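Hi,

Here is the structure I promised to pass on to you. Have a look at it first, and then read my notes below.

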Amino acid sequence: MHVPALHGPLPALRSLLSGGVVMRCAHWRRVPLDLAREAREKSAAKYMDRAVQCQLFAHDEGQHLGLLTDAGTYGTALWLRWHGTDEAELVVLPDCPAAAPGPDGEGCCLFADHAKQHTWEEALEAVSCTN
């Protein structure tokens, strides 16, 4: 089954794996029609993907979270959360407030209190100045 790439505002989120390959969690989930309708009602977005990829760093166990769109409130986003084959649910989560050091520091593209590193930290690890 081909699953479309995310068209949302967030860049691809990845974690550094051995061998220098950078990847995010490989789990995808179709957005159930009832949740897609509910998400469109909660957001001004004109387009929403029919499937989402988990935006967390590579993992096999635990919950998965895929970005749907910005929520109606500033500093929040609407996410699809699922665990294994359990039913999915919509959750509104506050944006992670962390930003990379410096005056033009890139913001983290995950939600507040996420596990592991921030998305801008993984970009720093993926680029080596000694190669």
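Strand E5 and strand E6 (residues 76-83) run antiparallel and are joined over seven bridges; strands here are DSSP runs of type E with at least two residues, numbered from the N terminus, and two strands pair if DSSP finds at least two bridges between them. Thr69 has Leu78 in E6 as its bridge partner, and Leu65 stands opposite Arg81 in E6. Five residues lie between the strands in this hairpin of E5 and E6, where Gly75 takes a positive phi near 80°.

A word on the source: this is a predicted model, so to speak of local features a pLDDT of at least 70 is needed, side-chain atom pairs count only at pLDDT 80 or more, and totals for chains, interfaces and linings use all residues. Residues are numbered from 1 along each chain as its sequence is written, and side-chain values use heavy atoms, leaving out hydrogens and water.

On its other pairing, E6 meets E7 in the antiparallel sense over six bridges, and Arg81 stands opposite Glu89 in E7. E6 and E7 also form a hairpin with five residues between them, and Gly84 in the turn has a positive phi of about 60°.

Together, the three strands make an open antiparallel sheet in the order E5-E6-E7. Strands E5 (63-70) and E7 (89-94) stand at the edges with a single partner strand each, so one side of each has no neighbour in the sheet. As for E6, six of its eight residues are buried (under 20% relative accessible area, with a 1.4 Å probe and protein chains only).

Enjoy exploring!

Technical notes:
Helix = DSSP H or I, 4+ residues; strand = E, 2+ residues; numbered from the N terminus. Buried < 20%, exposed > 50% of the residue type's maximum accessible area, 1.4 Å probe, protein only.
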